[in-house]
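Please keep the sequence and the 3D view open while reading.

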Amino acid sequence: GEAAGAVARARAEMLESARSHCAARLGEEARCSAVGTGMLRHVAAIPGGGPNGCSHPGCHRIAKGLPGSWQPVCQWLPELDAKLNLTDAHCIRSITPWVSSRELNLSLVDFTPNYLCDAKAMQRIHFSSLDPSRPRFIVVMRDPVMRAFSEWSMFALAWNWDAERNFTSAMEGKLSALRRCNETLFDQPLLLETLPTEELAEYVQSCYRQGRAMMYPQLSMYAPCILHALRYFRREQFLFLRYEDLMKMSAEAIVRLVGHFSGLHLDAELVAQAVEGGKCQPSHREHSAPPPGSNSSRGPVKGRPMSFSDTSPDAADYLADTGTHLERFFDPYNQMLVRAIGTPFRWRRRDHRKRFLNATEKEAARVALEQRDAQKAENKRKRKAKLREQVKANNEWAKKQKLRRQASGRKASGRRALRAAMAEARAEGGGKLKA
């Protein structure tokens, strides 16, 4: 904690020094903000770029026709020049932790779930906040068994990030790794409630691997992450919701609940916008995996969230085989969760059960899964081809820039040689030769 606080203070001092430097240098013409950098990569061909520029460290400067200046989150958009008549622009790449409270009047919303189970992230949020009592956290928790199964379905079957395509085997491997991480706490999980903050943080950081993806059982063990977060923030700063309850709420109820909890402005017009066209209406969006025979290869169908728990034709079988064992495993963590948040969160067996498919339905689902895999492979091939074209274009652009700099250097060298020759001639002619 003290180390994180020292880092935050050092960063604040560095930014304050940069503000003073750039404000004096640029006056009222600071680019994007009056905060200096030298940390971000800027393309030298863009005026004002380079390591000594005074662009805000949260910004990235991009230019039309210079793909080398673009980034995945900072692409050149046609309307920048077509509508705004711009040839270069600044893209806000990362507001935090760089923006000062004096620079922008905004409320920052971030939906990264990994932070809760990344002990260092929660520490940084606390120590970098001007007022640690102001942040608000919304935590949505699903039945632990179904959450683990849904995540495995996404990474193993839909995205192919995990090579283990059998849920039972995947969970066995993850639970074995969790036991190896800390055998004592694996066998006696209730000891987690008594750990000092530093030891609890170490457990979360190492055994949850900073809340990374594919930590199927760990990220369904909600209590240790929440216990750690509550060491830094008050209980009233958190809104804890069951996924199953959220999916039954109306759009208006959800928007009003979030508005009331967060303190963000909310009026009748905003509520109407949220309700219009089924926006923010989860009850219309449940069970959104593509139906058998669909050509959808990745991600949600329009109007549906990303949900993959129906992807496997053997979903019901997997859940039936592992459900009882996983219920027993998650039970002490669920009990800890109730004690930590003071809310009687309970999940029932029906929350992680699915309808068994008959032979015909299973075959149709397997065919659909094979079609999606084939489509994903084709999409991957196209992305690689596009990337090769982009790399080729960037290399050609860089080569042209190098030739341009070399030509400019030769011209400058020629001018210097000419001035030196003229100076020498003037000296030999007694200063009578004029340029």
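**Briefing on the model**

On the surface, Lys380, Arg383, Lys384 and Arg388 gather in a patch of positive charge. The model is predicted: local features need pLDDT of at least 70, side-chain atom pairs count only at pLDDT 80 or more, and totals for chains, interfaces and linings use all residues. Residues are numbered from 1 along each chain as its sequence is written, and side-chain values use heavy atoms, with hydrogens and water left out.

**The charged patch**

- A patch is made of residues with over 30% relative accessible area and no salt bridge; like charges are joined within 9 Å, and nonpolar side chains (Val, Leu, Ile, Met, Phe, Trp, Tyr) within 5 Å.
- Lys and Arg count as positive and Asp and Glu as negative, while His and the chain ends are not counted.
- The place of a charge is taken as NZ of Lys, CZ of Arg, CG of Asp or CD of Glu.
- Accessible areas come from the Shrake-Rupley method with a 1.4 Å probe, and for residues only the protein chains shown count as cover.
- Arginine 383, one of the patch residues, is in helix α13 (residues 359-428).
- Helices (H or I, at least four residues) and strands (E, at least two) are DSSP runs, numbered from the N terminus.

**The strand pair**

- Strand β1 (residues 59-63) is largely enclosed by the rest of the structure, because five of its five residues are buried.
- Buried means under 20% relative accessible area, exposed means over 50%, and partly exposed lies in between (1.4 Å probe, protein chains only).
- Cys59, Arg61 and Ala63 lie on one side of β1 and His60 and Ile62 on the other, and both faces are covered.
- β1 pairs with strand β2 (residues 88-92) in the antiparallel sense over five bridges; two strands pair if DSSP finds at least two bridges between them.
- Histidine 60 stands opposite cysteine 91 in β2, and alanine 63 stands opposite aspartate 88.

**Salt bridges**

- The structure holds 17 salt bridges, each a side-chain nitrogen of Lys or Arg within 4 Å of a carboxyl oxygen of Asp or Glu.
- Arginine 147 forms a salt bridge with glutamate 151, with the closest N and O atoms 2.7 Å apart.
- Both of these residues, arginine 147 and glutamate 151, are buried, and they lie four residues apart in helix α4 (residues 144-158), about one turn of the helix.
- Aspartate 314 and lysine 362 meet in a salt bridge (3.5 Å, N to O).
- Aspartate 314 lies in the loop between α11 (268-275) and α12 and lysine 362 in helix α13, so the pair ties together parts that are 48 residues apart in sequence.
- Both aspartate 314 and lysine 362 are buried.
- Asp314, Asp317, Lys362 and Arg366 are linked in a network of salt bridges.

**Loop residues**

- Tryptophan 347 lies in the loop between α12 (315-341) and α13 and is buried, with a relative accessible area of 14%.
- Asparagine 160 lies in the loop between α4 and α5 (167-181) and has a positive phi of about 60 degrees although it is not a glycine.
- At a relative accessible area of 41%, asparagine 160 is partly exposed.
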